[in-house]
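Keep the structure open as you read.

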Amino acid sequence: MKYHGLTDREAELSRQKYGSNAIPDSEPTTFLEAFKETFGDPMIRILLAIAALMIVMFFFGYAEIYEPLGTIVAVLIVAFVSAKTEVASDTKYRELKDSAKKDQCKVYRNGVVVVIDVDDVVVGDKVLLQSGNKIPADGILVSGSLRVDNSALNGEAEECKKTAAGGECEMADDITGDTFVDAHSLFRGAVVFDGEGVMDVRKVGLKTMMGRMAEEMQEDEPDSPLKVKLGKLAHQISTFGYIGAIVIAVLYMGSFILHAGGVSAYMAVGAEEIIKDVVEAVSLAVVIIVCAVPEGLPLMISLVLMQNTSKMLDHNVLVRKAVGIETAGSLNILFSDKTGTITKGHLQVVDFFTADGNSIAMDELESRREVKRLLDLAIGKNTQSMYDGDHKVIGGNATDQALMRFLGEDKFRELEADTECSVTASQGFNSANKFSHARIGSLGRTFYKGAPERLLAKAQKYMDADGGIHPLDADAVNRKIDELASKAMRVLAFGYSEKELEENTIHEDLVLIGLVGIRDDVRPEAREAIEEVQDAGIQVVMITGDRLETAVAIARDAGLLKDESDRALSSAQLNSMSDDELKELLPHIRVIARALPTDKSRMVRLCQELNLVVGMTGDGVNDSPALKRADVGFAMGSGTEAAKEAGAIVILDDNFRSIKDAIWYGRTIYHNILKFCKFQLVINVAAVVVSALAPFFGVEEPLKVTHLLFVNLVMDGLGAIMLGNEPALEKYMDEKPRRRDESIVSRKMMTQILIMGLWLTILSFVFLKHPFFAQFFDNEEQRLTAYFVLFIVSALFNGFNVRDDGFGIFRGLNENTGFLRVFFLIIAVQALIVNAARVPFVVFQWIGNMFSCVPFGIQGWIVVVVLAVTMIPVDLIRKCLTPRD
């Protein structure tokens, strides 16, 4: 049929009325935007507020400049590294996209066929579609017939037949998974397998299915669980620090009033003296806040996440967004693709049986010589597939390729070289006949391959496993076929006839050689990995564009559908339910079939509204919105660039086991962060209490501002290396998932922090005030220097305590060799600071003065180390006395 199409004027009017077909890109990430985004972190804001206050006090002569400058440098490093990483990945993606040529299509305009950019298509255009074309907009096929691949939209590479719509045919507004495979609807992004036809464009741009997905991609990503937890921790710490600072400042002022003999007497000392006391109280308050806030925590988390991203490559996991790997460990629910993730991603022969219904194991088939010989001929000489020079199967459809892989390259080459078995006549498969056949004249046989119902309708005999010929029992073979069909297998039959080949005809002397069951089978390792993930308390939901019956069969085989309460839903069923109904049913859902991209995004949204941490896997453009919206998106390595860009993690081998490993390492990272928090917060609690109470005991500034700088930045940065590489333990996968808003500091963790912080405080005051320890030092200056060493070394020994919640605190040190290296490195650095004054160079003298440190003797070092070691037995006693989870 000849179409005139739109005129240029009509096309312009349509564009004004219905909009452009262009789908706008998201704005590129700039370095400045990514840099500024870092400062939205609540912990970073607290650090900057403290730094600003310290700078103000410095200008008034009441504070050192080292602490605020050190804090600001650490914040800038974190912001710079984060921004550079984010911009680099975004730039790389856009460069790849810009280098690609713009898609074009053929449309009827002004009575002729013209080639235009896809962006220029408008509603009302008549688009000419041919084999290999990508469909440029949503519409209805009005002429011709097509077979299309909708995998870009529903993830399933199945051939969907499309025929011309008769008369008026409206485009459905509510798209379901079944709409993709209906008779007439065509969607932007799908590819034409075969045929030729004309599409009437009904929707363009953001109104197309692809456009709606692109709009969803623009939505803001939810805060990661780690960010939520850190925000809560920052609030708790800042509240503790602010309240503590105010209370201590008030008490400090109260002590001045008491020493003066009352309020009236104190007011009489004069304004200058009162202002001086207020400044001292405020200075003490600021020191307490500095002690309370873990300045090194953001830097530590950045270091830990970056360290572990390289480890994950060994498990075929490429981490694009560092926080994604920790989020994987927090998952409550995981939506997984079927094809290629749970299954192998290609059709394969999984069962062979003779027509008496008896299966022959694959490894036994070779010993059934006559059956195997004839089967090889029925496959190898009656196919459209072949092996190429790279040993890959090419040509034919997916079923032909599965049979060729079953035959094997060696057998294919052998048959190819056998000149005595040449094909003298053949007829290929077509949808009307549902079989193909080939004549091998030298053998006097015609070999058939086709749908079981077609061959069974003619066959009277079959060959058993030993090569014997027997009368066919149709009931027996049909029972076996029904059994395999219930497992979502495609069954194909093979036979031979002694008669000459006749086109479109199956001879009645047909003897059935056997039948095969073909499907995209479940990966063996996926079954095990799914069970491990389920045992970890994570709900696994298979979400696929495949038919419900097929999805259910695969889900049963994969171990997803076990109980009667487990539910499998289609997209249509899903869309017939309200959000509240779905939320109520959610814990029982195991399968979603014929799924749309919008179904995936909706499920992610509903789960997040229930405060669940959601993972989503995907490989197509269709998956990108859900991958981006999920808390962690797992993009498949074989997938599209759009999916990889949207995902936080790329699974290089497309294997569910690698997803399990990502979850395992995510939980390991979270445990390592918890270990660091315990390590650091014990230091912070002790520093706060000691700094707050020391003035009341006559000790002015036992910990200088530079000491706090060393504690919060140097020790914390190196502490990240000490504890950030702790090994992954199998027991982490036995734990139940954590809530999104769960506090990092649990009650048990708080108990450990307070008890060990209290013990370090007691050690501090005993060391500072008991006369026994004075004999080991020549003066008070040496004693205060030794206290700085005691504080740091005690914290280091506490590092062993936090490695394990039980008594295995020295276990696994060989797997984390950095722990002891950093342990001794920090002690060596501190020894250098303490003894800097002994080195006759100006820079070392300056270091000694900056840290207010002077050298002291070996006896003092021994005393300090002995006291510090007590951190270990005290915590072991605590573990004995407190109940374990």
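The side chain of Lys449 reaches the backbone oxygen of Asn382 at 2.9 Å. Lys449 also makes a side-chain polar contact with Asp400, at 2.6 Å (a pair of N or O atoms within 3.5 Å; within protein, one must be able to donate a hydrogen and the other to accept it, and residues adjacent in sequence count only if both atoms are side-chain atoms). This is a predicted model, so local features need pLDDT of at least 70 and side-chain atom pairs pLDDT 80 or more, while totals for chains, interfaces and linings use all residues. Numbering runs from 1 along each chain as its sequence is written, and side-chain values use heavy atoms, with hydrogens and water left out.

Where does Lys449 sit? You'll find Lys449 in strand S15, residues 445–450 (strands are DSSP runs of E, at least two residues, and helices runs of H or I, at least four, numbered from the N terminus). Lys449 counts as buried because its relative accessibility is 7% (buried is under 20% relative accessible area, exposed over 50%, partly exposed in between, with a 1.4 Å probe and protein chains only). Among the residues it touches are Phe435, Leu492 and Phe494 (heavy atoms within 4.5 Å).

Now for the nonpolar cores: sets of buried Ala, Val, Leu, Ile, Met, Phe, Trp, Tyr and Cys residues joined through side-chain atoms within 4.5 Å. The largest has 119 residues, with Phe634, Phe656 and Phe767 touching the most other members. Helix H25 (residues 656–693) gives the most to this core, 20 residues. A second, separate core of 30 residues includes Leu347 and Phe412.

Key. Lists of a residue's contacts leave out its neighbours within four places in sequence.
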